[in-house]
Amino acid sequence: MGPTLPIATAKFAPLLSAPVGPLEIDGPAIISIGHHRRPTETVSLSVVIPTYNEATNIERLVARIHQTLSVALPGDHEIIVVDDDSPDGTWQIAQSLTPIYPALRVMRRTQERGLSTAVVRGWQAARGTTLAVIDGDLQHPPEILFPLWNKIQSGADLAIASRHVEGGGVSDWSFARRILSRGAQIIGLMLLPEVVGRASDPMSGFFLVRRRAISGVRLNPIGYKILIEVLGRGNFGTIGDVGYVFQERESGGSKVSGKQYFDYLRHLLRLRLARMKASRLLRFGIVGLSGVVVDMSLFYVLRHRTTLPIGLSGGLSAEIAIFNNFAWNELWTFRDFSQSQPGARRRLKRLVKFNMICVAGLAFHLGLLVLLTASGGVNEYAAKLMAIAAATTWNYWINSHLNWRVTEAAETD
Ligand code: GDD
Ligand code: MN
């Protein structure tokens with residue numbers, strides 16, 4: 001530090017340097033000092049405030065967060081402003097507050113931009129065992145941090161401030177804006193039901209998440225909806241929500257533009273693809289479908305071109321389908337396992353086992369087929385389809401437990 005520096009500046013806490021590299025949160029809290037990374041003292045909660053031109057709001061916001069957290073978590077929290085070099089000097093104002101609020105730290109980013117990455121960079125620099133995000137424009141009432149923290153304390157891995165539960169809402173949004181907001185949620189539900197459906201307000205930009213639920217996974221958010229990314233890639237048990245009323249902006253302007261809606265769609269599609277790759281069950285399902293095609297077409301041929309009875313036709317077509325499914329499951333669905341257990345002998349053993357499991361399933365399959373068609377009440381092909389569905393469910397369960405022995409850990413590959 002040179003002597004030319006104004007005295008007042010010298011008292012301010014130094015700026016945090018923006019982390020670079022992959023958008024991944026470390027497991028235990030780690031701090032980067034230059035190129036050295038070392039474990040550091042942790043705090044219970046780190047609240048990240050992403051800002052872009054929030055000069056008129058940041059002081060009041062920090063004061064209110066401080067007020068709330070000095071009651072809930074005295075001396076055990078930190079507040080991190082991540083500002084993208086705002087032209088209105090938000091980062092400077094925030095930094096000037098650091099002597100008043102020792103828990104406050106400021107990151108000024110110049111190399112990277114955007115709301116979602118700002119949040120992740122803030123979390124990367126954070127020391128908290130629980131990580132939070134709140135908007136910098138007072139539209140999210142900071143007092144809600146208190147009940148959100150209580151949710152985490154009572155066991156939730158993720159606590160979301162929600163507009164769509166009791167006590168929640170929007171102030172005076174136009175009909176068009178409500179429709180747009182709900183429409184975005186519905187599109188999300190259609191594309192990613194198992195992700196978007198887990199939260200009452202999946203678009204919320206105000207939430208707390210346990211570090212361990214998202215550490216070690218590569219986050220790859222686009223645009224505004226960081227929660228979608230967290231929900232899609234994190235590992236959660238309980239998710240809690242707390243109602244809040246989304247306040248009108250008093251000062252400054254929203255940064256939302258048409259591009260955000262486009263980014264949101266791209267984000268949903270990207271997550272959809274990533275999850276499809278990871279889902280073993282889906283691969284098993286696709287293989288199962290290929291087996292259905294093989295089974296049904298063979299069955300059709302046998303019934304029309306031969307005089308074999310229905311039981312034998314159904315049995316033969318099913319057995320050929322079993323070979324088809326084994327090959328694809330071995331090469332694709334359970335590829336990781338079959339590669340870790342190589343060798344023709346082992347593969348043959350798995351084939352025999354697969355066959356035995358499927359034959360047991362086949363007995364069940366045939367019993368059902370004969371039963372359903374005996375009275376003549378059910379169409380032969382419909383009966384065959386029902387039998388396939390029941391046998392497939394049985395097959396997946398037994399196979400993933402006894403044959404390819406998929407463990408929970410291998411499931412998140
Ligand atoms: N660092 C950084 N970089 N911050 C940004 C950027 C950026 O590029 N763009 C926006 N921000 C900050 C804003 O300064 C504000 O603090 C916060 O992110 C939200 O931006 P707004 O532009 O005010 O968004 P909004 O009010 O339309 O939407 C917010 O509320 C929704 C409903 O809960 C966002 O938080 C959404 O994510 C949220 O879904
Ligand atoms: Mn806003």
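Biologist: Into which domains is the chain divided?

Modeller: This is a predicted model. The C-alpha centres of the two parts, domain 1 and domain 2, lie 47 Å apart. The chain is divided into domain 1, residues 30–275, and domain 2, residues 278–408.

Biologist: What pLDDT does the chain average?

Modeller: Of the residues, 92% score at least 70. Over residues 408–413, however, pLDDT stays under 50. Where pLDDT is low, the predicted coordinates should not be read in detail. The average for the chain is 89.

Biologist: How many contacts beyond four places in sequence does the model have for residues 408–413?

Modeller: These are the residues over which pLDDT stays under 50. For residues 408–413 the number of such contacts is six.

Biologist: Which residues come nearest to ligand 1?

Modeller: There are 24 residues around ligand 1. The elements giving two or more residues to this shell are β3 (43–51), β4 (77–83) and α4 (115–125). By type, the shell holds ten nonpolar, seven polar and seven charged residues. Those that come nearest are P50, A118, G136, G205 and K255.

Biologist: Is N53 buried, partly exposed or exposed?

Modeller: N53 is found in the loop between β3 and α2 (58–72), and has a positive phi of about 55° without being a glycine. A residue needs 20 or more other C-beta atoms within 10 Å to be buried, and 12 or fewer to be exposed. N53 has 18, so it is partly exposed.

Biologist: Is L138 buried or exposed?

Modeller: L138 also has a positive phi, near 70°, in a residue other than glycine. L138 is found in the loop between β6 (128–133) and α5 (145–153). The cut-off for burial is 20 or more other C-beta atoms within 10 Å. L138 has 21 such neighbours, so it counts as buried.

Biologist: How many residues of α6 are buried?

Modeller: Helix α6 covers residues 175–191 and reaches 24 Å from its first C-alpha to its last, close to the 24 Å expected at 1.5 Å a residue. The helix lies largely in the open because, of its 17 residues, the number buried is one.

Biologist: What covers the buried residues of α12?

Modeller: Helix α12 spans residues 310–333. Its buried residues include S313, G314, A321, F326 and T333. What covers the buried residues includes α11 (280–305), α14 (344–374) and α15 (380–403).

How values were computed. Residues numbered from 1 in each chain as written. Chains lettered and ligands numbered in written order. Predicted model: local features only at pLDDT ≥ 70, side-chain atom pairs only at ≥ 80, totals over all residues. Domains from an automatic or database assignment. Helix = DSSP H or I, 4+ residues; strand = E, 2+ residues; numbered from the N terminus. Contact = placed C-beta atoms within 7 Å. Near = placed C-beta within 6 Å. Nonpolar A, V, L, I, M, F, W, Y, C, P; charged D, E, K, R; others polar. Expected span 1.5 Å × (residues − 1). pLDDT = per-residue confidence, 0-100.
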